[in-house]
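Subject: Structure handover

Hello,

Here is the structure for you to look at. My notes on what was found follow below it.

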Amino acid sequence: MRVVTVAQMKQIERNADESGLSYLQMMENAGTAAYREIRRQWPEATCLAVVAGKGNNGGDGFVIARLAAQEGLTVSVILAEGQPVTPDAKTNYDRLKVLPVTILHLDEISQIQADVVIDALYGTGFHGALRPSGHKACACIHHSGAHIAALDVPSGLQADTGAAAEGSIQAELTIAFDSLKQVHITAEAAVFCGKIVLADIGIPEHCHP
């Protein structure tokens, strides 16, 4: 079982990129693996909502939204903090525009209607306290009554310590990408992570420390 820090994971991704596996392809692989796991866990789901941040965790969520829409599910994307800002997240966001995906901003909704909600807010980059927008997004996810799946790390948790901010996501399923992070083996974080599944995103073994 491989457990890495956030800094180590960034280096692993750099190694993979330098070996020919682009960051964009890693995002595609992560989103695809997560979508397959979500369908395995809840095969009866017909309506899926992705609550997305503006970074690469949101980009992973956009990949899931695209795959779900292509399979005929009812899909909505809720932008918690506005438009994506990283290049790969922007690319996957743009790919949604030709699909029947409803895109909403957080301030446009009162309640999320879905069978499964994907927490694609922050991933491994979170630290400190939730911003007001993040706090509201997490509350909307919890109040939806839907199944909750988190991408890599439930939002509000610090990946290197497992410390949880007030209002953190309590997921039923957390899909960790490539390697486990410290949060995934921290006893105090177990109630937030739920079931943890490790997803292969195609990074060659030689890219790992």
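Helix α1 (6–18) gives the most to the lining of the largest pocket, with five residues. Helices are DSSP runs of H or I of at least four residues, strands are runs of E of at least two, and both are numbered from the N terminus. A pocket is found on a 1 Å grid over the protein atoms alone, as an open set of points with protein on both sides within 12 Å along at least five of seven lines, where a cavity would be a set of points where a 1.4 Å probe fits but cannot get out; lining residues have an atom within 4 Å of a point. Along with α1, helices α2 (23–41) and α3 each supply at least two residues of this lining. There are 31 lining residues, and K10, N56, N57, Y122 and T124 lie nearest the centre of the pocket. By type, the lining divides into 13 nonpolar, eight polar and ten charged residues (nonpolar: Ala, Val, Leu, Ile, Met, Phe, Trp, Tyr, Cys and Pro; charged: Asp, Glu, Lys and Arg; polar: the others, Gly among them). The volume of the largest pocket is about 770 Å³, taken as the space filled by probe spheres set on the grid points, which are joined across faces, edges and corners.

The model is predicted: local features need pLDDT of at least 70 and side-chain atom pairs count only at pLDDT 80 or more, while totals for chains, interfaces and linings use all residues. Residues are numbered from 1 along each chain as its sequence is written, and side-chain values use heavy atoms, with hydrogens and water left out.

The protein chain has six helices and nine strands. Its radius of gyration is 16 Å, close to the 17 Å that the globule rule gives for 209 residues, so the chain is as compact as a globular protein of that length (radius over C-alpha atoms; the rule is 2.2 Å times the number of residues to the power 0.38). Buried residues make up 55% of the 209, where buried means under 20% relative accessible area, exposed over 50% and partly exposed in between, with a 1.4 Å probe and protein chains only.

Strand β7 (residues 173–177) has five of its five residues buried. Strand β6 (residues 147–151) pairs with β7 in the parallel sense over three bridges, with L173 as the bridge partner of A149; two strands pair if DSSP finds at least two bridges between them. Strand β9 (residues 195–199) also pairs with β7 in the parallel sense, over five bridges, and here I175 stands opposite V197.

Most residues other than glycine have a negative phi. D152, in the loop between β6 and β7, has a positive phi of about 70° and counts as buried at 9% relative accessibility. D178, in the loop between β7 and β8 (180–181), has a positive phi near 70° and is buried, with a relative accessible area of 6%.

The structure holds two aromatic pairs. In one of them, the ring centres of F62 and Y93 are 5.3 Å apart and the planes are at 50°, so the pair is tilted. Rings of Phe, Tyr and Trp (its six-membered ring) pair if their centres lie within 6.5 Å; planes under 30 degrees apart count as stacked, over 60 as edge-to-face and the rest as tilted. F62 in α3 (residues 56–70) and Y93 in α4 (residues 87–94) are 31 residues apart.

Regards
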